[in-house]
Amino acid sequence: MRLSHYPINTLKEIPAEAEIASHQLMLRAGLIRRLASGQYSWLPIGLRVLRKVEQILREEMNRAGALELLMPVTQPAELWQESRRWQEYGPELLRFKDRHERDFVLGPTHEEVITDIARRELKSYRQLPVNFYQIQTKFRDEVRPRFGVMRAREFIMKDAYSFHLDEASLQQGYRAMYDAYTRIFTRTGLTFRAVRADSGAIGGDVSQEFHVLADSGEDAIVFSDGDDYAANLEAAATVPPPGSRPAPGATLARVATPGARTIAGLSSFLKVTPERCIKTLIVNGTDSGSVVALVVRGDHELNAAKAGKLPGVASPLTLAAAPAVLAATGTEPGFVGPVGLKCRVYVDYAALALADFVCGANEKDMHLTGVNWERDTGAVTAADLRNAVDGDPSPTGRGRLRLARGIEVGHIFQLGRKYSESMKAMVLDESGREVTLLMGCYGIGVTRVVAAAIEQNHDERGIIWPAPIAPFQVVLVPVNPQQSERVRETSDRLYDQLTAAGIEVLYDDRDARPGVKFADAELLGIPHRIVVGERGLKSGQLEYRGRRDSASTDLPADQALEFIRRAVAHSAAAG
């Protein structure tokens, strides 16, 4: 491709609306342009990267035996009503009416549509197992789109759905997709980790996320330094501290604590550390008007995903309104404690290991000191309620937990019968009986993979593409070709030779200063750069530099084709 034929401008300045590196660099390099909040047009060079990611996806999904299809973006409301997600999904589901006043949605995902296909097409166990996939546009009406294509409203996803007769087949299909995803992210040149996850709005019993490791990642992931245990923060398990709880050693006492509503304020006022305090949160229960108390140590954070799955706790987890808190505790939030509570009380393992601790007195501006479980409180239930923290014991018993940041690029689910049961997707088994299908669901955010690759691979000069997904393999930069016929002819000839050899070349034949060309080459992040200059040609030399190299090297001009072939092959093998 001749850059003189490419009418899109690179940008020197960082766009004001771009917060993270990938968003800044995608705009500066002319890969995308914003159309509206959370919606982006993919320009030619950006689209080349996107298509390379899609090609790797297709190759590995086909290798795993999945069948490609294409489903509509718009979906009739009836299917979502059947699955009961019409009410459950929330405001991210964009609902609209057609000219006949029929309800539709702009699909954020396609479980309902594929289940409808399955119940129409799959009749016998002999057709199973089967896995269908598509690469399709999705729309989720994010309340606050941000970070460019990382969290956009409109995006491209590879979603796959498998159907099985029994649990053993589902496990086998799930493992096949895990292996396929591992190959996909390895081939795209990303450093990633698979972690246990919460299934969220998709549902199901078992799920794992694939995270690209990057400091800018929105998600916290937790992994053990002693084995292969890894989970996102929502799903990371914590375990009871070792040993027995100390025996009570202090007398229960009421202490005035005017204005001390927070753990920080209470710790400062009483001169105690946060881990000697507990905080009690009152949340809505499943029964109308009921509440549940959740207790964690003062230095820990409640894990909403874990708490929302507890018996008697309303899901999604919601804090009780002030009147309900007052009715249940006799006070307002900030001074609530477990002593004397009549509602159900769940206590995190770490909080339950405390003795002689501090808690709210269920009276405004009052706290209790010297509090002990059983002696001073009613019956409570132990539970894993908190977020893991760095240094926690691994739940496997091997090593300590460490925290890192990650960008979720893939998610696989064992859905079970969540959709097939409500939508009556059944086949006949060997004995002729109707059996409800088991399902798996497997997604990859294609557009997000591109942004995640940049987050993980960039420097102060621009993008550094992993070779397998780079828009071009080589950038060819002639220096002042308008002033040297030899430079122009050598560059044209080399461009034709490389192209004929099947090497993807971006030929910067613009009438621009060398500094501009070099800056754009680094901004665009092409893995290999060849510079053709009059001074080098006088001695029969060209200049080569890899995007990750700190210095350039000379190579004989008559060996350039073979040199680049080897360099490209080496990059592909390394990627």
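Let us begin with Gln39, which is found in strand S2, the stretch covering residues 39-42. Please keep in mind that everything I describe comes from a predicted model. Is Gln39 buried or exposed? Its relative accessibility is 19%, and because buried means under 20%, Gln39 counts as buried. Which residues does Gln39 touch, if we leave aside those up to four places away in sequence? The answer is Arg33, Arg34, Phe139, Arg153 and Glu154. With one of these residues, Glu154, there is also a polar contact: the side chains of Gln39 and Glu154 are joined at 3.1 Å.

I turn next to the peptide bonds. Leu128 and Pro129 are joined by a cis peptide bond, with omega at about -10°. Where does Pro129 lie? Pro129 is in the loop between helix H5, residues 111-121, and strand S7, residues 130-139. Another cis peptide bond joins Ser315 and Pro316, and here omega is about 0°. Pro316 also belongs to a loop, the one between helix H8 (304-307) and helix H9 (322-329).

The next topic is the backbone angle phi. Glu101 is not a glycine, yet its phi is positive, near 65°. On the chain, Glu101 sits in the loop between strand S5 (94-97) and strand S6 (103-106). Glu101 has a relative accessible area of 56%, so this residue is exposed. Asp356, again not a glycine, has a positive phi of about 55°. The loop that holds Asp356 runs between helix H10 (349-352) and strand S17 (357-360). With a relative accessible area of 25%, Asp356 is partly exposed.

Now I would ask you to look at a sheet. Strands of a sheet pair through backbone hydrogen bonds, either parallel or antiparallel. In what order do the five strands of this open sheet stand? The order is S27-S26-S28-S29-S30, and the pairing is mixed. Why is one side of strand S27 and of strand S30 left without a neighbour in the sheet? Strand S27 (505-507) and strand S30 (553-556) stand at the edges, and each has a single partner strand, so one side of each has no neighbour there. On average, neighbouring strands of this sheet are turned by 30° against each other, when direction is ignored.

Strand S28, residues 528-532, and strand S29, residues 541-546, pair in the antiparallel sense over four bridges. As an example, the bridge partner of Arg529 in S29 is Arg545. A helix accompanies these strands: helix H13, residues 485-500, lies across strand S26 (474-478), S27, S28 and S29. Relative to S27, helix H13 runs at about 160°.

Finally, let us consider Thr262. Its place is in the loop between strand S13 (253-256) and helix H7 (263-270). At 49% relative accessibility, Thr262 counts as partly exposed. A polar atom of the Thr262 side chain lies 3.0 Å from the backbone nitrogen of Gly265. How many residues apart along the chain are Thr262 and Val409? They are 147 residues apart, and their C-alpha atoms are separated by 37 Å.

Conventions: Residues are numbered from 1 along each chain as its sequence is written. This is a predicted model: local features need pLDDT of at least 70, side-chain atom pairs count only at pLDDT 80 or more; totals for chains, interfaces and linings use all residues. Side-chain values use heavy atoms; hydrogens and water are left out. Helices (H or I, at least four residues) and strands (E, at least two) are DSSP runs, numbered from the N terminus. Buried means under 20% relative accessible area, exposed over 50%, partly exposed in between (1.4 Å probe, protein chains only). A polar contact is a pair of N or O atoms within 3.5 Å; within protein, one must be able to donate a hydrogen and the other to accept it, and residues adjacent in sequence count only if both atoms are side-chain atoms. Contact means heavy atoms within 4.5 Å. Two strands pair if DSSP finds at least two bridges between them. Axes are lines fitted to C-alpha atoms, for helices over the stretch in contact, and angles run from 0 to 180 degrees between N-to-C directions.
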